[in-house]
Amino acid sequence: MLAPKAQYSLKDAKRYFKEHLGVGDYYAEGQHVAGQWFGKGAEDLGLQGVTTTEQFERLCENKNPQPDKN
């Protein structure tokens, strides 16, 4: 189970994504676990499927996570 953790700096949020959100937990036995967009916020932004590092970082920077929809 992944547990969200509030991040108070952009640098920390990006590092948290790379170090924790994509690596899973002991249930995954060291396998890569891909994040998935879900919920009303993702729907409003037109996000679906696997969460990419680029999309997550753009969202952290208060930018549209889809570069072609600035």
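What pattern does the chain follow when read along the sequence? The answer is α-α-α, and the secondary structure comes to 3 helices and 0 strands (helices are DSSP runs of H or I with at least four residues, strands are runs of E with at least two, and both are numbered from the N terminus). This is a predicted model, in which local features need pLDDT of at least 70 and side-chain atom pairs count only at pLDDT 80 or more, while totals for chains, interfaces and linings use all residues. Residues are numbered from 1 along each chain as its sequence is written, and side-chain values use heavy atoms, leaving out hydrogens and water.

Let's turn to the charged side chains. The chain has 3 salt bridges (a side-chain nitrogen of Lys or Arg within 4 Å of a carboxyl oxygen of Asp or Glu). In helix α1 (residues 10-21), Arg15 and Asp12 are 3 residues apart, about one helical turn, and their closest N and O atoms are 3.4 Å apart. Helix α2 (residues 39-44) holds Asp44 and Lys40, 4 residues apart; this salt bridge has its closest N and O atoms at 2.9 Å. Another salt bridge joins Lys63 and Glu61, at 3.5 Å.

How exposed are these partners? Asp44 is exposed at 54% relative accessible area, and Lys40 is exposed at 56% (exposed means over 50%, buried under 20% and partly exposed in between, with a 1.4 Å probe and protein chains only). Arg15, at 40%, is partly exposed.

Arg58, in helix α3 (residues 53-60), is buried yet has no salt bridge. The nearest side chain of opposite charge, Glu54, is 5.3 Å away (Lys and Arg count as positive, Asp and Glu as negative; His and the chain ends are not counted). A polar atom of the Arg58 side chain does lie 2.8 Å from the backbone oxygen of Asn64.

Key:
Polar contact = N/O pair within 3.5 Å; in protein donor to acceptor, adjacent residues only side chain to side chain.
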